Number of protein chains: 4
Amino acid sequence: MPDDFANSASNPEDASATQHFCAKRQQVLRGAEAVFLEHGYEGASMSQIAQRAKVSKGTLYNHFENKADLFAALIDELSRLKLATMFERISTPEGNCAETLVTAAAEFITILISPSPVGMYRIIVSEAPKFPHLADIFWRYGSGIVLRNMSAWLENESKKGNLAIDDPVFAAEQFFALCQTRIIQRRRLELPVDCSKAAIQEVARKTGDAFLKIYGPVQS
Amino acid sequence: MPDDFANSASNPEDASATQHFCAKRQQVLRGAEAVFLEHGYEGASMSQIAQRAKVSKGTLYNHFENKADLFAALIDELSRLKLATMFERISTPEGNCAETLVTAAAEFITILISPSPVGMYRIIVSEAPKFPHLADIFWRYGSGIVLRNMSAWLENESKKGNLAIDDPVFAAEQFFALCQTRIIQRRRLELPVDCSKAAIQEVARKTGDAFLKIYGPVQS
Amino acid sequence: MPDDFANSASNPEDASATQHFCAKRQQVLRGAEAVFLEHGYEGASMSQIAQRAKVSKGTLYNHFENKADLFAALIDELSRLKLATMFERISTPEGNCAETLVTAAAEFITILISPSPVGMYRIIVSEAPKFPHLADIFWRYGSGIVLRNMSAWLENESKKGNLAIDDPVFAAEQFFALCQTRIIQRRRLELPVDCSKAAIQEVARKTGDAFLKIYGPVQS
Amino acid sequence: MPDDFANSASNPEDASATQHFCAKRQQVLRGAEAVFLEHGYEGASMSQIAQRAKVSKGTLYNHFENKADLFAALIDELSRLKLATMFERISTPEGNCAETLVTAAAEFITILISPSPVGMYRIIVSEAPKFPHLADIFWRYGSGIVLRNMSAWLENESKKGNLAIDDPVFAAEQFFALCQTRIIQRRRLELPVDCSKAAIQEVARKTGDAFLKIYGPVQS
DNA sequence: TATGAATGAGCGTTCATTCAT
DNA sequence: CATGAATGAACGCTCATTCAT
């Protein structure tokens with residue numbers, strides 16, 4: 001939320017993110033969110049969206065040029081606000097290193113298997129060839145944020161001698177790759193998988209353990 | 001093609017995979033493959049498919065009940081034949097353990113970023129809520145095969161003392177999660193990423209190294 | 001049209017009959033009337049109707065849910081307005097009894113062999129298994145009206161001693177069955193038949209004579 | 001049945017009625033009967049007919065030029081065989097005059113409300129504008145037969161002094177018009193109506209009574 | 001002859017988009 | 001700015017009919 005304002009203030013080029021705070025526009029976006037995430041881009045119809053948003057079909061076109069534009073605006077907004085906000089909460093760069101890794105892993109998994117990010121991932125992956133710009137935004141405000149935070153933290157821990165990392169960016173990517181073991185991957189495919197807190201905690205712990213073994217300082 | 005016969009011979013239960021060798025049916029499937037993988041399920045139209053397959057629209061319906069059925073048959077065929085064949089080639093269960101890991105990682109990455117598997121992943125992820133059965137097949141004949149092979153091999157290496165693994169299934173999943181670091185993940189989102197052989201080799205090497213650090217035998 | 005208001009005023013419950021006076025809706029209904037009565041329900045196509053109504057195909061669906069709904073609305077409207085109006089004009093409950101019978105018979109025949117009622121009869125008979133509700137409406141606002149009027153009149157004449165009828169409802173039904181002798185029956189089958197005024201008058205006269213012989217007061 | 005052979009022998013012009021006694025052809029006609037009478041001419045599809053007849057679609061076209069020709073052949077056959085046979089059974093030209101009228105009326109009603117004649121009536125009425133020839137055949141071999149028989153019988157009874165009829169053809173038509181009172185008329189519209197034997201008997205009796213009152217000899 | 005795959009026109013319906021109100 | 005009727009192209013699908021086997 002603070003990032004939203006900060007962002008629009010410091011990045012004057014993307015007027016698109018702040019455009020109007022018009023209530024009708026928000027209504028439309030909420031309808032679009034519900035319908036797009038449920039049915040995909042091609043599967044969603046402007047009539048459905050209008051109905052769900054409780055506005056007329058014409059109103060859609062007063063605020064957005066066409067279906068593609070509405071979709072882009074939605075993904076943009078969801079990435080910058082919803083996703084970014086979720087991810088900002090993750091890194092807690094103080095205290096015990098091993099515990100932090102496990103906590104961060106658990107939080108990352110928990111966020112990524114919740115309905116909205118799963119829906120966003122699905123639609124963005126499937127529309128990536130048609131809307132590469134959106135995949136870019138999704139990445140920058142989604143995984144990107146957390147990757148940047150994480151790599152900075154890793155670098156710091158490395159300096160403190162808690163970890164031995166030469167390429168913190170790649171290490172961060174590996175960490176998040178490991179986080180996706182089992183639960184996230186299967187959830188995205190709607191495969192049956194235990195998503196309980198305990199199951200998440202177990203994957204998180206194994207992820208932390210593994211990461212420490214890869215990058216833990218050599219003990220003599 | 002030879003694999004096709006092998007497959008149908010060893011799995012006599014899945015008549016669906018071999019159904020007809022009717023040429024027109026194959027034509028339709030190839031048209032469907034091109035159009036579905038390019039435009040997604042909803043984005044593909046039966047007319048396009050007929051055109052691409054160079055058959056009439058009616059012919060589509062002589063071989064498949066409806067769009068969903070054609071789609072299911074296509075994914076089924078692609079998973080069982082194309083994907084499975086690709087993945088069967090991976091495991092090389094002899095020789096040096098560290099080298100095998102790197103080689104397998106490189107092959108896995110190479111396969112997963114090639115156009116067809118990327119397209120399949122996109123369409124299956126996006127249609128998972130509507131076609132959960134297909135995600136299941138895709139998993140079983142895609143990652144599933146390689147996971148099973150890999151976990152068996154890991155168990156074996158563990159017995160030989162080359163690795164120290166207590167949960168080989170989870171370890172295999174972690175290995176493939178690590179393989180997806182950077183290249184695969186970005187490729188699926190159509191993000192700019194270096195897909196050169198060298199880049200793949202680097203990720204593969206780092207993946208092998210990391211895995212060995214996690215599960216390598218404790219050297220005293 | 002004036003009858004329309006009368007109708008909607010006296011039957012405040014059937015909002016369906018008066019729904020919109022939207023011009024386009026009327027255009028659609030007139031196109032539907034032309035095409036349905038000419039080609040039957042299954043034989044009529046929505047494209048034809050749109051063309052005849054000089055509207056786009058989409059407009060059809062802005063006013064009616066689907067083909068069946070449009071058909072039902074048309075039959076409903078035709079029965080309540082056109083048919084009912086025609087039949088309301090029949091009964092002339094004053095003057096000489098024998099003459100009234102002949103006049104009513106002639107009017108009834110004349111109405112029932114005119115194009116619209118013949119077309120309606122054909123389509124309703126043929127679609128009765130699929131749209132029983134429409135046959136019911138057609139009967140209630142078609143023959144039903146005239147049957148009710150006629151049986152009331154017969155009862156009255158009976159009381160006056162001009163006729164000797166114990167079951168006026170059945171007698172009315174017999175009267176209209178007799179009216180259908182030759183001309184109406186053949187017309188509905190498109191068989192060659194003399195439909196001249198003279199021919200109608202002759203059947204009407206014979207019908208009146210016959211009815212009087214059946215129900216005329218016993219002359220001592 | 002005897003009429004069939006007699007007919008085809010004495011009327012060498014209508015080869016169409018006898019064409020083949022080929023079993024396949026009969027199979028096709030039985031399938032066509034089931035489907036046409038259930039769904040109407042436009043509502044029936046050649047595929048349905050082939051399926052119901054348990055032959056291939058191609059076979060339909062080996063025996064009949066097209067859909068219209070198959071339909072015409074079916075109606076022709078049904079009229080000449082089924083309908084005619086049913087109606088031949090009616091007239092019992094001996095014994096008491098009044099009783100004969102009531103019996104004939106009851107038989108006529110019973111036949112006309114049975115499924116096949118109702119279905120035929122529906123489809124022929126609705127397709128009369130498109131297939132006037134079929135309505136003609138239906139009339140000649142349906143009501144026509146019984147009308148001819150009845151008018152001959154009426155003329156005879158008239159000569160015997162049991163009835164006083166100057167136009168026996170018209171009288172016969174009136175008799176059958178009266179027979180259609182209530183039950184037949186409503187049945188054709190699928191309106192709720194009591195079709196029990198008792199109900200039929202009552203209408204038949206009233207019809208006989210009425211007819212006798214119209215044409216009974218003047219009692220002095 | 002009997003078959004059923006192939007055809008492409010046409011079906012009922014929905015779509016994204018426009019525009020007069 | 002909000003509306004929702006109007007549009008016609010395109011959708012998934014079925015049709016009557018043909019023809020190689």
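In the predicted model, E202(A) is partly exposed, with a relative accessibility of 38%. Its side chain meets that of K206(A) in a salt bridge, with an N to O distance of 2.9 Å. K206(A), in turn, has a relative accessible area of 18% and is buried, because this value falls under the 20% cut-off. Both E202(A) and K206(A) belong to helix 12 of chain A (residues 197–215), where a separation of four residues places them about one turn of the helix apart.

R80(B) and D76(B) are both buried.

In chain D, a salt bridge connects E42(D) and K130(D), whose closest N and O atoms are 3.1 Å apart. This pair links distant parts of the chain, the two residues being 88 residues apart. E42(D) lies in helix 2 (residues 23–43) of chain D, whereas K130(D) lies in the loop between helix 7 (115–127) and helix 8 (132–141). E42(D) counts as partly exposed, because its relative accessibility of 31% lies between the 20% and 50% cut-offs.

Shared partners also occur in chain A: salt bridges join R30(A), E33(A), E77(A) and K82(A) into one network.

Notes. Residues numbered from 1 in each chain as written. Chains lettered and ligands numbered in written order. Predicted model: local features only at pLDDT ≥ 70, side-chain atom pairs only at ≥ 80, totals over all residues. Heavy atoms only, no water. Salt bridge = Lys/Arg side-chain N within 4 Å of Asp/Glu carboxyl O. Buried < 20%, exposed > 50% of the residue type's maximum accessible area, 1.4 Å probe, protein only.
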